[in-house]
Amino acid sequence: MKVSLNWLKEYIKVDLDPLVIAEKLTMAGLEVEAVDERYNYLDNIVAAKVIEVNQHPNADKLFVCKVDAGGDELIQIVCGAPNVYGGMFVPCALPGAVLPGDFKIKKGKLRGEVSAGMLCSAAELRLETDAAGIMDLDGNFVPGTPLEEALKLSDIVFEVDLTPNRPDCLSYIGIAREVGAFTEPEQKVTFPDYRLPEGKIGDISIHDSAKVQISDPDLCPRYSAGLLMDVKIEPSPFWLQDRLESIGLTPINNVVDITNFVMMETGQPLHAFDFDRVAEGRIVVKRMGSDMDFTTLDNKNHKLEPDMLMICDGDGPVALAGVMGGENSEISNSTTTVLVESAYFNPVSIRKTAKETGIATDASHRFERGVDPEGTVNALNRALTLIAQVCNTTTIAKGIIDEYPQKQAQPEIDINTNALNSRLGTHLDVHEIRHILESVDFKVEKTDEAWLKVGIPSFRVDVTRPEDLSEEVARLWGYNNIETSYPMAAAKGKLLDKKVSLREKIGSIMTGFSFFEAINYNFVNENSCDRLNLSDRDKRREVETILNPISDQMSVLRSSLIPGLLETMKKNISLQADTLKLFEIGKIFFATQKGSLPEEREVVAALITGNRSDQSWYSKKKRFDFFDLKGVVEGLLQGLIIGNLSFEKIEDQSCPYYKNGYAALVKSGDTLIGTIGQINEKVLKNYGLKQDAFVFDLDFKALQALIHGNITAMLLPKFPSVSRDITIIVEKSVTIGAILNQFEKITQKQSLIEQVSLFDVFEGETLSENKKSLSFRVVYRAANRTLKEKNIKKLHTNISKTIIDLFNADLPE
Amino acid sequence: MQNNIIDIEKQALESIEQAGNSEQLEQLSIKYLGRKGVLTGFLRNISALPEDQRPSAGKRANILKGKLEKVFKNAFSKLESVDGKDFTGIDVTLPGRPAQRGSLHPITQVANEICDIFLRLGFDIAESPEVETDYYNFEALNIPKYHPARDMQDTFYVSENIVLRTHTSPSQPRVMEETKPPVRIISPGKVFRCDSDVTHTPMFYQIEGLMVDKNISFGDLKGILTTFIHQFFDKQTSLRFRPSFFPFTEPSAEVDIRCVMCKGKGCRICSKTGWLEILGSGMVHPAVFENVGYDIEKYTGFAFGVGIERMAMLKYGIDDIRKFYENDIRFLRQF
Ligand SMILES: [Zn+2]
């Protein structure tokens, strides 16, 4: 809400510096976001003296003036105002000035004559409504004096960002009350005169021509109305336009402007109906009860829902209650009889209507936060009085209508000041607390040693329990005056959550492997499953869809981390970074039943692409391959002390984004941990990628279940080991895994074998096409002695023979 | 004669030890082992010895000769490495073979740092789901349907009653439903709001904190949060508590710190106020306690929520929040 300081001073006496006011309001919970000089728009406009006026040589209605605007030389300005004369002081807009309406002043030529500025009318400067001629400043000024200074124009506009709990401060009176609480000495609000002016009241009673019926008092507990006759719709007088413009509202006409003025003043939204267009003079406040179309006064059509509260006349709806009036009853230039509505509507109902119709107005903003139910009549009287004042043909009908079927309760709250002090950590005595509460118009009565009974004023709809009052005391006492303390708490520690420590461990291993952590959005493109080539029955197609996404690119919750990593790869390649080692730990989601929470599953995924090593003085350029990433998985699991690993080739379509034959399941024992593989051409193409990418995808929960924590250190061997190699030639179809498995079986039976590893794979050249040569190194060691050549020789021969027989292998020539 | 050879050995070893450069060493070598040297002279004079002593003296002289040859060789090589003139060696300016590094995302790093501060203060980590029911995200936190406070957070809906959590606060009722007081937890995680522009990303991180016990006061809230801010920034950071509104706390407070960019003079980052909003906090609203069945006469507590991006932006001088989720490797590599 914008607050003009000049206007505010109508209600409260305050002469603090505007910045101090802003600071104090902010620290009382009414955050001032900006403090602006209202007349900043008059920059580069000065009081100037017209020295000489000559007829324009080429235009009858124009004058060429020599003007003293304070500079070293006189300037020439072409002017069309008939009232210009030599010796006149006028506002002169110099080049660089911007007049209201975004009209920029530049030096130029008018009909061949140089014009280096503009002499302005009062209306052009929004200083009066007079547009007839240029403004005669009527006095003696030093030419060049800024106009703001010459006319002593000064106002400050505060931009207050109110929290939704303070609708009472959506009004000048509300803000004034808060200001009064911190001025010294304390000030109380000067309220406007709410009595109707005797002399303006006519003979006709409102009850003779207007009737109000509230059919749904739950949604409209109170409806007050007054009637005005012989109204002449005109532009408002300057003071009224000026007030509205000071806070950025556009003046419309006298009646509408007054309803807006009173709303800003009191916080009570008002609506004016052209009463001649209200059928049968009857107002019925009710739920619509059926679907229908309705045109609001901004000329837009809306579909009405049956439960929306409407203001109806004898024929049908004339306004969306509390939100916006209808076109059919709007004030027009020919309006003469005006019914002014001042009501209290149920906040939830107004909010629903505003949400459903998509209309947000100053009125709905206030109603949905809660206006003062006891304030309708005062605001109504104030509006009737002011309209009669600005439009003097008007008479006010005798009496007002005030239907109030559901009297709103005026709560009283008992507070224990000890409890209040202990909640805040303060040591305020009962009197201080009482004084603080009274400063913003709570009615306080001391009932016992430590007890206060607090009457809640009707405008404070936010205060309903003792804790709300503790906040009032705290904010008015000053949060920064509350002593800082430290809680007494048991020094009871727990272990770090298992999930958290596992995540940290994975992070440290992966970064140790020189991976960078990526964080992608949880939402992905709606076609992500298609782009991953997933089959129709794939579980990952059970995605949760966002009803109101920001865009199609972010419309479903991810069911895999792979799309995000591929998008990230794409983005980086477009930025010329084509070698990437990325990992991400995050959740994926699967829809369950409608209306239930989705299944959230945490996943660890990684992607590598590009070069294992760039070309440099010590190495040749080498591309990443499957085994680079496999090594990472092995290293990661080893780091997590998860053993018994196996990689099983994927030979079905369960992961259709991997290249056939280039992907594996990752298992520990029988537990499936995840998958690893190379992304296939089709999927790369779907993501606009041209270079190989390898990913793994591990289930966090599976990892967690496999972690057993404790490491038992082994005794280090005391005796030396002996290594023997064996090279065999086998069919290409024989997998290394199968051979290593056999070695493993042998190892389990033969305690002298410590380790078997593959150290060379060779194909082609001298070998026939379907063969490969494999070299293994077997390490022998005894725990209690140094092995002798002869023991090993026999053992090695036996083992070699077993393997050769099992795999039908040849020895190299 | 016996003594003589022992003396020769002793003298030779001593002078070799003292030789400072290879020239001196060279001369010593000639002196002892040369054709006209001491040992040669000794051997020539053996014939002057009684016959029975000749073989043993010859043997001993030859042993000493071998020994001295070795000692000279060692001494030469030792001197070479000290005073050698050849520094050709390797080109030490050749780039090293990189020991590549990776790193955690800056958001993870800052979140860890914040969590660590609270862990040291005795808080435990308790996580809660990223997709939430309307109940935990709003109702349990005293934000009924159609409450204007719902406008403070633009919500992503998955269905009528299921939302992407708009804050980490649902962890409060979730933890309290499961635990009796005292409670001291923090809950970090992703949150979501349908808002996307220069200053907003639709997903961001928060850390929620909650402490409930007997006699917890607003002063205690100030104490814990001041400690946190002083540890995260530095002890000189001044801060202020400013009244605000959150439906689930009463009183509610925003915490501002003196702008770290302009030191309070006012700049673009702090929109000229000299203060930066860092976190939201407050005393837990009794309605929230009632929703989880806590006795509001017996217990009080405070809660707070910290935006991690904001902290990371201040820490690293990042001016565009969107950078965090673009995963540009050039950005990630800096942390
Ligand atoms: Zn600043």
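The legends below describe close-up views of a predicted model.

**View 1. The zinc ion and its four cysteine donors in chain B.** The zinc ion is held by the SG atoms of Cys259(B), Cys262(B), Cys267(B) and Cys270(B), which lie at 2.2 to 2.3 Å. Along the sequence these donor residues follow the spacing C-x2-C-x4-C-x2-C. The angles among the four donor atoms run from 103 to 113°, and the site is tetrahedral; for comparison, the ideal angle for four tetrahedral donors is 109.5 degrees. Cys262(B) has a relative accessible area of 9% and is therefore buried, because the limit for a buried residue is under 20%. Cys267(B), at 18% relative accessibility, also counts as buried.

**View 2. The interface of chain B and chain A.** Here 88 residues of chain B are in contact with 88 residues of chain A, and the two chains bury about 7,300 Å² between them, 58% of it on carbon and sulfur atoms. Five salt bridges are found across this interface, together with 33 residue pairs in polar contact, both residues of each pair being at pLDDT 80 or more. On the side of chain B that touches chain A, the largest share, seven residues, comes from helix α8 (residues 218-232) of chain B.

**View 3. Two salt bridges between chain A and chain B.** In one of them, the side chains of Glu127(B) and Arg503(A) meet at 2.7 Å, taken from N to O. In another, Glu23(A) pairs with Arg240(B), and the closest N and O atoms are 3.8 Å apart. Glu23(A) belongs to helix α2 (residues 18-27) of chain A, whereas Arg240(B) belongs to strand β7 (residues 239-246) of chain B, so this pair joins two chains. Glu23(A) is partly exposed at 42% relative accessibility, while Arg240(B) is buried, with a relative accessible area of 9%.

**View 4. Salt bridges within chain B.** Asp320(B) and Arg322(B) form a salt bridge through their side chains, at 3.2 Å from N to O. Of these two residues, Asp320(B) is buried, with a relative accessible area of 12%, and Arg322(B) is partly exposed, with 32%. Asp328(B) and Arg330(B) form a further salt bridge, in which the closest N and O atoms are 2.6 Å apart. Arg330(B) is partly exposed at 46% relative accessibility, whereas Asp328(B) is buried at 11%.

**View 5. A network of salt bridges in chain A.** Arg166(A), Asp168(A), Glu178(A), Arg460(A), Asp462(A), Glu472(A) and Arg475(A) are joined into one network by salt bridges that share partners. Over all chains, a search of the whole structure finds 64 salt bridges.

Key
Residues are numbered from 1 along each chain as its sequence is written. Chains are lettered from A and ligands numbered from 1 in the order in which they are written. This is a predicted model: local features need pLDDT of at least 70, side-chain atom pairs count only at pLDDT 80 or more; totals for chains, interfaces and linings use all residues. Side-chain values use heavy atoms; hydrogens and water are left out. Donors are N, O and S atoms within 2.8 Å of the metal (3.2 Å for Na, K and Ca); water is not among the atoms, so sites may look incomplete. Four donors count as tetrahedral if all angles lie between 85 and 135 degrees; four count as square planar and six as octahedral if opposite donors are over 155 degrees apart and all others between 65 and 115; anything else is irregular. Buried means under 20% relative accessible area, exposed over 50%, partly exposed in between (1.4 Å probe, protein chains only). Contact means heavy atoms within 4.5 Å. Buried area is the accessible area (1.4 Å probe) that two parts lose on being put together, summed over both. A salt bridge is a side-chain nitrogen of Lys or Arg within 4 Å of a carboxyl oxygen of Asp or Glu. A polar contact is a pair of N or O atoms within 3.5 Å; within protein, one must be able to donate a hydrogen and the other to accept it, and residues adjacent in sequence count only if both atoms are side-chain atoms. Helices (H or I, at least four residues) and strands (E, at least two) are DSSP runs, numbered from the N terminus.
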